Amino acid sequence: MIPLDVRSKIEIKGLSYWYGNHQALREVTISLPEKRVTAIIGPSGCGKSTLIKSINRIGEVAGEIRIEGEVRVDGESVYGEEVDLVDLRRRVGMVFQKPNPFPQTIYRNVAFGPRLHGVADKRTLDEIVERSLRDAAMWEEVKDRLQDSAYGLSGGQQQRLCIARALAVDPEIILMDEPCSALDPTGTARIEETVAKLKDRYTVIIVTHNMQQAARVSDFTAFMLTGSLVEYNPTERVFRNPENPMTEDYITGRFG
Amino acid sequence: MSPITGRGGVRARKIFGRFAEGLCTGTTVLTVGALAYLLGGIAAGGWRTITWDFLTKAPENGMTEGGIFPAIFGTISLTVLMILMALPLGVSAAIYLNEYAGHGLVSRIIRAAVNNLAGVPSIVFGLFGLGFFILFVGRGIDRAFGLGLLFGQPAMLWAAATLAILVLPVIIVATEEALLAVPASQREAAYAVGATKWEVLRKIVLPQARSGILTGAILGVARGAGETAPLLFTGCAYFLPHLPVVQIPHTPVWVINPFDQFMQLSYHVFIMSTQSHNPTEVRPIVFGTALVLVSLTFLMNLGAILWRRRYRRLLEEARV
Amino acid sequence: MSLDPSLERTHSVVRARAMEGRVARRRKQRAIDWLAGKYFAVSGTLAIVFIMLIFIFLAREGLKALVEVHPMRFIGAVTENVITEKPEFTMTWQPVSETPKYSLVPLMAGSALVAIPATIFSGLVGLACGIFLAEIASRRVREIVKPGLELLAGVPTVIIGFFILVSVASFLQEVFHASRRLNAFVGALGVSVVIIPTIATLVEDALRAIPREIREGAYALGATRWETIRRVLIPTGASGISAALILGMGRALGETMIVLMVTGNAAVVTSDIFKSIRTMTATLAAELGEVAQGSEQYHVLFFVGMVLFTITFLLNMLAELVISRMRRKLTL
């Protein structure tokens, strides 16, 4: 559970989630805190990616899903009838496992979101692009080559570009689905630095299979197993003195 | 904090998007509708002419009466001859591309050549048929064996050969698809017990690729039956008093005579609709001929499509 | 666990049998395998051989025209104007006359006047259909529409020409107040019917080849489906779409029967789409049957065939180039 003095941004209650016939989440209840970094760990297939995809509803792009229970952001249900997916996804940004920049210039990648949502003035766009790249700790590296193709960047740089792209639409929440799994150690280190800076302004939920990363980067950690939430506590507690024996087994490597 | 529920700007974007998507949908519907309109028009104009007599008798009275049997016979003979030539060649070429050649430059050049062959105008094939098969090969054989003018003139043989080359890309592409559909695990298993490449092909891959190759053959036949331009100077005739058959001497057996000229459905439609001396009188016959031709090609194409869907589905189920 | 002794006997019999024939069998199989490999290698080169043969034999007759006819005459010639009785430079195609005129310009203009509008129209329609198939249609709808387009592509062109002749041409003449019933516009329409399925299929392939991650990236930023299509997928698939248009144009230039039947067959140079024209393909189809083999006109016709083949060949190569650039662009 999270301390009472931290406000909860995302409330998930009794969430069960099905892809076709396969049940990926079993009655998960969790409160994710505002302006903190929460890590979600667990073995492959435990449902951690599904959990965050249920927040910005990006799982629905691939196919039919079914849910029971609720997901609320700032008290309002994300699955309500009046909910506008387009706006939801602007407010809840996402960075994917494999960097997926558009085959366009660096500038256009970052400016894509703002342009979409109506920003047309060139000067405003320039400012947004610079701010987003700074927040993603990329500005110094690319400020002289904004018109180069995004595909010329290294893996780690592309991933930070994707972070900048997500930041450009001014979201409140940033979901990260194993953002470092396709990167080398240097790239990973830069991402973790960026995440540490982001939490001043954004609520970050990061899914990772790398426990050391979770321990380094997050304030709170949730451990999941086969679709259920096993333990959810401040990170220090989870890694030093876990509540649940299964958590301890996972952390000490008894299974992986 | 702005509420999640919809704002005006977003609604406008969505409405515009739906409108644009609707345009795409409508355009597609119209396009497929054109097919229906075309087929319907031919059917409406020609169904009355289709009688048993029409399909089994020869034309009479300057084409204004009678049937089109010779054209049907000619079309079938021609396409049979064509596919006998094209299928072995096309399948072999596809086997080479898929099983032997790597992904290097050679394979890319061959594929480019296949694509180019597919893009050659059909009339150019006609010229090729005339210039190569009839004049070069045909006359060459005549000269070499002192045969006078036997091979070196328009005949079903050369028309079929010309069409075979035209149809080659269709066979190659369909066969390659069929070969690719055979999972690598099947091949690996065969190699693992010590089979040679040829044995793997013959015993494992080709039998499993049979359906796809058959589909390719049907598509090739449908394509060949519908082509007209290559036939204009390679052996097609508007009216012949006899069928392109010949009797084997001293036997009661009749076989197709590939050295003869022939009548053909698409050629018939073409000549009759553009050069007939009595356009209004032959109109029902043209419609009837067109209907027969379009029905044949349509059914063959449809059959191939449905067959392909069926065996693709079987393959997926088998894999899972 | 040791084998049942009787089983072991059978095993050793099999093993012995196998050892006996093995060496000879393997040698024979290896020889067959080698032979098969050579056979397939030869047939693999078939397509290349045929393309080269086609060009060679077109050139064999066509180049003779360059010898018999001064190359300038393929553009135009100086003739005496019948009315003013003054000499003037005209571009006419009139092989059967006292002084044969072999200008290719009217023929190429005719081909262009049909192919260009047809490609533009079919490009738009084909793009819409390709988008529909790739992004909008559900799987069930796709399973009906895609074969529908394939069937449209499979209709013999002579049937399309015939249908236009009897039903459509008159109707169009009324609607557009065309001066001639059979003209380039009707031809372009008929040709479109043939090339729309080709373009649609290629566009669909180009769009479907774009990896899912890029789509998800756009949706995750709050794009609507159409915005994803317009702002991300189409620009990303631009090479594939261009290739589709180039190939469609090649196909339009190569179409013979439809244009032969419905464009009026008047070898004149005009930019009025409602006038009768004549394409290169129609010229070949119409005249080759009636010309004496080995005559000058005969060689000129083969020369026209060479030109036609070269143009479509170049377009095909261009499309290949564009597609390979697209593949390079999409690999991160």
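Predicted model: local features only at pLDDT ≥ 70, side-chain atom pairs only at ≥ 80, totals over all residues.
View 1. Four residue pairs, both members at pLDDT 80 or more, are in polar contact between chain C and chain A.

**View 2. The extent of the interface between chain C and chain A.** Here 20 residues of chain C are in contact with 25 residues of chain A. The size of an interface is often given as the accessible area lost when the parts come together. For chain C and chain A the buried area is about 2,000 Å². Carbon and sulfur atoms give 68% of that area.

**View 3. The interface between chain B and chain C.** In this pair, 80 residues of chain B are in contact with 77 residues of chain C. The two chains bury about 6,900 Å² between them, with 75% of it on carbon and sulfur atoms. B:Glu21, B:Asn116 and B:Leu127 together supply 9% of the area that chain B buries against chain C, more than any other three residues.

View 4. B:Glu21 and C:Arg225 meet through their side chains in a salt bridge, at 2.8 Å from N to O. Among the elements that give two or more residues to the chain B side are helix H1 (8–46), helix H3 (69–100) and H9 of chain B. The largest share of this side, 17 residues, comes from H1(B).

**View 5. Helix H9 of chain B.** This helix covers residues 265–275, and eight of its eleven residues are buried, so H9(B) is largely enclosed by the rest of the structure. The buried residues are B:Leu265, B:Ser266, B:Tyr267, B:His268, B:Val269, B:Phe270, B:Ile271 and B:Met272.

**View 6. A nonpolar surface patch on chain C.** C:Met72, C:Ile75, C:Val78, C:Phe89, C:Met91 and C:Val269 make a nonpolar patch of about 540 Å². One of these residues, C:Met72, lies in the loop between helix H2 (46–68) and strand E1 (77–80) of chain C. C:Met72 has a relative accessible area of 41%, so this residue is partly exposed.

Note on methods
Residues numbered from 1 in each chain as written. Chains lettered and ligands numbered in written order. Heavy atoms only, no water. Buried < 20%, exposed > 50% of the residue type's maximum accessible area, 1.4 Å probe, protein only. Helix = DSSP H or I, 4+ residues; strand = E, 2+ residues; numbered from the N terminus. Patch = residues over 30% accessible without salt bridge, like charges linked within 9 Å, V, L, I, M, F, W, Y side chains within 5 Å. Areas by Shrake-Rupley, 256 points an atom, 1.4 Å probe, with all protein chains shown as cover. Salt bridge = Lys/Arg side-chain N within 4 Å of Asp/Glu carboxyl O. Contact = heavy atoms within 4.5 Å. Buried area = accessible area lost by both parts, 1.4 Å probe. Polar contact = N/O pair within 3.5 Å; in protein donor to acceptor, adjacent residues only side chain to side chain.
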